[in-house]
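I opened the model to look up its salt bridges. My notes follow the structure.

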Amino acid sequence: MIKKWETMASCTMGGEKCLYKLHSASVHFISAKHTTPFKKNVYDINFRLVSFHFYTCCHVSGMSISETWYAIKDHGTNYCNLYNLIEGSGLTESRGYKEVTSDFLCTQRSSANCTVY
């Protein structure tokens with residue numbers, strides 16, 4: 001999804017499912033950046049992938065951090081940066097998919113509108 005959403009074209013209908021840039025990818029780690037299309041804020045995104053149970057399961061930890069120090073109340077953009085990629089790839093529909101997060105771990109997660117941010 002990161003490569004599919006590199007250009008502004010995927011945001012022509014609204015939302016922020018665009019302007020992602022892959023920095024590196026390996027079996028266990030994905031590093032990318034996301035630039036918001038209107039305010040041009042830049043977010044560092046990292047996914048850590050760990051397989052277990054003889055490679056039948058995968059645990060993914062994700063983190064999105066704004067490079068703008070004052071982007072604290074950003075309508076859950078950090079959460080949406082991660083969720084949009086997971087949903088866009090179809091992984092939210094995978095058997096056994098489970099999301100574990102909270103507003104403590106991910107500011108404004110419960111009020112985030114990822115169709116907009």
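I began with the accessibility terms: buried means under 20% relative accessible area, exposed means over 50%, and partly exposed lies in between (1.4 Å probe, protein chains only). The model is predicted, so I noted its limits: local features need pLDDT of at least 70, side-chain atom pairs count only at pLDDT 80 or more, and totals for chains, interfaces and linings use all residues. Residues are numbered from 1 along each chain as its sequence is written, and side-chain values use heavy atoms, with hydrogens and water left out.

I looked up the salt bridges (a side-chain nitrogen of Lys or Arg within 4 Å of a carboxyl oxygen of Asp or Glu). The structure has 4 of them.

I took Arg109 next. Arg109 pairs with Glu99 in a salt bridge, closest N and O atoms 3.1 Å apart. Both sit in the segment after H1, 10 residues apart. Arg109 is partly exposed at 28% relative accessibility. Glu99 is partly exposed at 33%.

Then I turned to Lys33. Asp44 and Lys33 meet at 2.4 Å, N to O. That pair links strand E3 (residues 42–52), which holds Asp44, to strand E2 (residues 29–35), which holds Lys33, 11 residues apart. Helices (H or I, at least four residues) and strands (E, at least two) are DSSP runs, numbered from the N terminus.

I also checked Glu67. Its salt bridge with Lys33 has closest N and O atoms 2.4 Å apart. Glu67 lies in the loop between strand E4 (57–66) and helix H1 (77–88), 34 residues from Lys33.

How accessible is Lys33? Lys33 is partly exposed, at 24%. Asp44 is partly exposed at 26%, and Glu67 at 44%.
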